[in-house]
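Dear colleague,

My notes on what was found in it follow below.

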Amino acid sequence: MAQALILQVVQSFQLNELYQRVILTGAGLERLPENSAALHIKLFFKRPGQQQLSLHLLAKNRHQRQTDQQNTLTEPLSDELKPSSRTYSIRHYDRANNLLTVDFVLHADPGIACTWAKTALKGDQVGLAGPGPMRMCNLEARAFLLIGDASSLPAIMAVIDQLPLQAKVQVVIELPKGHLPFIDCKRVSNINWHWLEQTFTPQTVLLPLIKSLALSLPETSVAIASEHKTVLCLRQYFRSLCIDKNYLYCVPYWRHRQNEETYHDARHRVMDS
Ligand SMILES: Cc1cc2nc3c(=O)[nH]c(=O)nc-3n(C[C@H](O)[C@H](O)[C@H](O)COP(=O)(O)OP(=O)(O)OC[C@H]3O[C@@H](n4cnc5c(N)ncnc54)[C@H](O)[C@@H]3O)c2cc1C
């Protein structure tokens, strides 16, 4: 990923019970490519007790190192100064006004990122690296199956708005118990939405539903972006159908009862396997 940027909060507001929308701006954001919606980014947050986002120190340090002939500011950041990082998706980038929108799930067991989003005030700082290049869908496909949960719904809705209008789109979303379907995309035609309660037992309801969908697999791009266990279960199913790997996106977005620090390495092992 390209060099990290420091962004400022322009606005933060609750979209509904499940999401906090944060709108960010900052110098350097213009590097986001066209069609950046749904690409993933890394966000960096202050550690608890830190006065200042250390990325800011890092950026200042880097800048001074570039201009300082003596090269006296070459100290690397110590571990306590390193920021916490989380992965999010670009919901929307408004190039004309240089505004980046990110939707944060307000999950029941709050972590660094969702707490930061909920309490973010105008002018607060956050670091950004990315975006990463991986796309959820293969745009050469004629049909699309997008399977996710609250964490991937912002990216899924961003993707839906980019798909060709004639493409047949099926969307399967698991939401925590008691939460109502939430659709916030421009495209409305040619989409079948399926909403389920998230139970972390994908074999019971989710997998049978997926098996019941009439899919023309060679022509369908399948994206699975959800909780760890669901992704593993569905990946195994689609691999058993010998789906072309260029038509399958499988990324675990989080893991039940683990935070990003404890899950990070395991996620990368899942993605490498
Ligand atoms: C490519 C990619 C794109 C992503 N895009 C988005 C996005 O646009 N919006 C978004 O909200 N998330 C997104 N995520 C998921 C997000 O990175 C994780 O949910 C992250 O763990 C949240 O950090 P946190 O500090 O709030 O919670 P953590 O400190 O990581 O976790 C604290 C506790 O909350 C639980 N938890 C974490 N996430 C959730 C959740 N979604 N639902 C229920 N419980 C949870 C954990 O199991 C843990 O018990 C994305 C992940 C990936 C890999």
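In the shell around the ligand, β4 gives the most, with 4 residues, and please bear in mind throughout that this is a predicted model. The elements that contribute two or more residues to that shell are β4 (84-89), β6 (99-105), α2 (112-119), β12 (248-254) and α6 (260-272). Because domain 1 (5-129) and domain 2 (143-272) both give residues to the shell, the ligand lies between them.

Altogether 25 residues surround the ligand, and the closest are R86, T87, S89, D109 and R255. Sorted by class, the shell has 9 nonpolar, 9 polar and 7 charged residues. The space that the ligand takes up is the largest pocket.

Taken alone, the ligand exposes 920 Å², of which the protein buries 93%.

Two points of backbone geometry may also deserve a look when you prepare the model. Most peptide bonds are trans, and most residues other than glycine have a negative phi. The peptide bond from G130 to P131, however, is cis, with omega near 10°, and P131 is found in the loop between β7 (125-129) and β8 (143-149). F200, for its part, has a positive phi, near 65°, although it is a residue other than glycine, and F200 lies in the loop between β10 (191-197) and α4 (206-212).

With best wishes

Terms used. Residues numbered from 1 in each chain as written. Predicted model: local features only at pLDDT ≥ 70, side-chain atom pairs only at ≥ 80, totals over all residues. Heavy atoms only, no water. Near = heavy atom within 4 Å. Areas by Shrake-Rupley, 256 points an atom, 1.4 Å probe, with all protein chains shown as cover. 1 Å grid on protein atoms, 1.4 Å probe; cavity = no way out; pocket = protein on both sides within 12 Å on 5 of 7 lines; lining within 4 Å. Sits in = over half its atoms within 2 Å of the grid points. Nonpolar A, V, L, I, M, F, W, Y, C, P; charged D, E, K, R; others polar. Domains from an automatic or database assignment.
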